[in-house]
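Welcome, and thanks for taking a look at this one with me.

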Amino acid sequence: MKPAVEKFLEYLRAVRNASPNTLRSYRADLEQFMGYVAPPGTEPPGVSSIDHRLIREYLGHLHDQKLQKSSMARKLAALRSFFKFCAREGLVRDNPARLVATPKLPKRLPTVLSAEEMNAFLDQLGSVKEAAPARDKRGTRKTAGEKAQVLLERDRAILEMLYASGLRVSELTGLNLADIDRREQMLRVLGKGNKERIIPYGSKAEQALERYWPVRAELLRKAGNRGEPQAVFLNHGARRINPRMVNRILKKYIRLVNINWDLHPHSLRHAFATHLLADGADLRAIQELLGHSSLSTTQRYTHSSIRQLMEVYDKAHPRA
């Protein structure tokens, strides 16, 4: 089974253009399944010997381990994708995971900030200041605080761009200078499945980028040959930032402006879509901007807007 898993992961990387996070998740889920069907000291069985009863037994084991249904559903989805690949490669006759029912999940609507709350948060970024760095025994300011102050402009540009364009975090961190048309304020994005799309961004994001360019140039100058001049958003060492850093940046600014929100970078993507829909944008157009292959995925945002509409109705209508 192990060679088939490696072949599947290589297919995801080379053909499907899966992100590193996706590859890590698939690997972890499939290795966990292999660990269940082949305890330490034994050889994993061949893929052709695995049937739906064994997969169902595995899900029962996960349930006994008190794993959340959402995690169980994700692991089953990984097995379905893997065995679908194996069937296409002729390693198995049928996909045994298709015969196993997905655990029923509660329907959850995404929590989205209002347009007013999002605008207020982003506007406050312009007035955020890091605490002044302390002095050491020689009276020299410590460099950590200075670096943080310099990168404030980068951080603001990142958050403005996430909300302005609805990018996935991996798409934002993967942006290159060649992907930005600064005159037309357009982005060329390579999304999931190597699908390219064009996305506009607004004047606020453009202003934030203009303030960031000198910071970026200085980072590259200091890094010399060690930098990545093609990448748009850089870290202290002028290398391309990663999605985990973007999450830390967002959490930092939530803390600095003293608000009690449980936000992550994908929340800005949800807000982008919901606010466009609330202002009358066509659902198909939003689907194109988000890079969704299925309209049903985009329709999750309509549920959030309908919920907000019903709340307004219940409060305002005299006979609600």
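1. A word on classes before we start: Ala, Val, Leu, Ile, Met, Phe, Trp, Tyr, Cys and Pro count as nonpolar, Asp, Glu, Lys and Arg as charged, and the others, Gly among them, as polar. Please also keep in mind that this is a predicted model.

2. Let's begin with the second largest pocket. About 460 Å³ of space lies in this pocket. Its lining is made by 21 residues, and A115, N119, Y163, H275 and D279 are the closest to the centre. Sorted by class, the lining of the second largest pocket holds 11 nonpolar, 5 polar and 5 charged residues.

3. Which elements give two or more residues to that lining? They are α5 (115-124), α7, α9 (203-223) and α11. The largest share comes from α5, with 5 residues.

4. Helix α7 (residues 152-165) and helix α11 (residues 265-278) have axes that come within 7 Å and cross at roughly 40 degrees. That angle makes α7 oblique to α11. On the α7 side the contact is made by L159, L162, Y163, A164 and S165, and on the α11 side by P265, L268, A271, F272 and H275. By class, this contact of α7 with α11 has 8 nonpolar residues, 2 polar ones and no charged ones. Do look again at Y163 and H275: both belong to this contact, and both are among the residues closest to the centre of the second largest pocket.

5. Next, the loop between α9 and α10 (243-256), where you will find E228. Is E228 buried or exposed? E228 is buried, because its relative accessible area is 16% and the cut-off for buried is under 20%. Leaving aside residues up to four places away in sequence, E228 touches R216, L220, L234, A238, R239 and R240.

6. With 0% relative accessibility, A238 counts as buried. Its backbone deserves a glance too: phi of A238 is near 65 degrees, a positive value in a residue other than glycine. For background, most residues other than glycine have a negative phi.

7. Finally, K66 sits in the loop between α3 (52-64) and α4 (69-88). Phi of K66 is positive too, near 65 degrees. What about its surroundings? K66 is exposed, with a relative accessible area of 73%, whereas A238 is buried at 0%.

Conventions: Residues numbered from 1 in each chain as written. Predicted model: local features only at pLDDT ≥ 70, side-chain atom pairs only at ≥ 80, totals over all residues. Heavy atoms only, no water. Axes fitted to C-alpha atoms, helices over the stretch in contact; angles between N-to-C directions. Helix = DSSP H or I, 4+ residues; strand = E, 2+ residues; numbered from the N terminus. Parallel < 35°, antiparallel > 145°, perpendicular 65-115°, else oblique. Contact = heavy atoms within 4.5 Å. 1 Å grid on protein atoms, 1.4 Å probe; cavity = no way out; pocket = protein on both sides within 12 Å on 5 of 7 lines; lining within 4 Å. Points joined across faces, edges and corners; volume = space filled by probe spheres on them. Buried < 20%, exposed > 50% of the residue type's maximum accessible area, 1.4 Å probe, protein only.
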